[in-house]
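Please keep the sequence and the model in view while working through the numbered points.

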Amino acid sequence: MLFLKRVESEKKCDIEIDYYVPITITVGAGSYFGEKIYWRTGNFKNSLIEISIEKEKGTLKDITLVAVNEVYLIDFPENECEKKQIGVPLFMLDGNTRNGFCDQIIDFFVYLSPKDITIKFQKEIRPVKCVQLGRVRFSFDKEEKLICITVFDLSDYEYCELKAGMKIEI
């Protein structure tokens, strides 16, 4: 899993919603040429999310929601966090890294509403700490383990693109 190490000052955060790759979040301006480690999870057949972090510091660089097995069309009830910060999370990895990848096979859950999309890695755990970077909120449990990522304030276009890309029919 990914654990919060600390929070750096806020940087530019670009969010791209696409039919073929549902969500790509890029942190920082311009290209990054340093070494990255990719934390990946899902069942690797029909669900996959990749989170890339800078190898030396653990700074978040990219999040890519590649594929989703199942989407729940409901408002995800936002739990109030005891501690809130603004900035970029720096992560520590819990797991083996091989060839720049740290793969952990766990299910994640996706909740989509007209106003936000939430990717939850732990089902019934309340967040204690939240870090917000632009329209992205990262939620952590009491051990500072990443449990949830939310992209909020979706436009109508982004919502429709997400539904179409994830093959959701209403």
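1. Arg-40 has a relative accessible area of 17% and therefore counts as buried; the term buried means under 20% relative accessible area, exposed means over 50%, and partly exposed lies in between (1.4 Å probe, protein chains only). This is a predicted model, in which local features need pLDDT of at least 70 and side-chain atom pairs count only at pLDDT 80 or more, while totals for chains, interfaces and linings use all residues. Residues are numbered from 1 along each chain as its sequence is written, and side-chain values use heavy atoms, with hydrogens and water left out.

2. The side chain of Arg-40 meets that of Asp-103 in a salt bridge, at 2.6 Å from N to O. A salt bridge is a side-chain nitrogen of Lys or Arg within 4 Å of a carboxyl oxygen of Asp or Glu. Because Asp-103 lies in strand β10 (residues 101-104) and Arg-40 in strand β4, the pair ties together parts that are 63 residues apart in sequence. Strands (E, at least two residues) and helices (H or I, at least four) are DSSP runs, numbered from the N terminus. Asp-103, at 39% relative accessibility, is partly exposed.

3. How many salt bridges does the structure hold? There are eight. Asp-62 is buried, its relative accessible area being 16%.

4. A further salt bridge is formed by the side chains of Glu-8 and Lys-57 (2.6 Å, N to O). This pair links distant parts of the chain, with Glu-8 in strand β1 and Lys-57 in the loop between β5 and β6, 49 residues apart. Glu-8 is buried at 15% relative accessibility, whereas Lys-57 is partly exposed at 36%.

5. Thr-59 is found in the loop between β5 (48-54) and β6 (60-67). Is Thr-59 buried or exposed? Thr-59 has a relative accessible area of 1%, so the residue is buried. Not counting residues up to four places away in sequence, Thr-59 touches several residues, among them Glu-8, Lys-11, Val-88 and Leu-90; contact means heavy atoms within 4.5 Å.

6. Which residues have the most contacts inside the largest nonpolar core? They are Ile-51, Leu-112, Ile-117, Phe-121, Phe-138 and Leu-146, in a core of 43 residues. Strand β1 (residues 2-8) supplies the largest share of this core, four residues. A nonpolar core is a set of buried Ala, Val, Leu, Ile, Met, Phe, Trp, Tyr and Cys residues joined through side-chain atoms within 4.5 Å. Beyond residues up to four places away in sequence, the contacts of Ile-51 include Leu-2, Trp-39, Phe-121 and Leu-146.

7. The whole structure contains six aromatic pairs. Rings of Phe, Tyr and Trp (its six-membered ring) pair if their centres lie within 6.5 Å; planes under 30 degrees apart count as stacked, over 60 as edge-to-face and the rest as tilted. Trp-39 and Phe-121 form an edge-to-face pair, 5.5 Å centre to centre with 80° between the planes. Trp-39 is in strand β4 (residues 36-42) and Phe-121 in the loop between β12 (116-120) and β13, 82 residues apart. Both Trp-39 and Phe-121 are buried. The rings of Tyr-72 and Tyr-111 are stacked, because their centres are 5.3 Å apart and their planes stand at 25°.

8. The structure holds one disulfide, a term for a pair of cysteine sulfur atoms within 2.5 Å. Its partners are Cys-81 and Cys-130, with sulfur atoms 1.7 Å apart. Cys-81 lies in the loop between β7 (71-72) and β8 (83-86) and Cys-130 in strand β13 (residues 129-133), so the pair ties together parts that are 49 residues apart in sequence. Cys-81 is buried at 9% relative accessible area, and Cys-130 is buried at 5%. Cys-148 is in no disulfide; the nearest cysteine sulfur, that of Cys-130, is 8.1 Å away.
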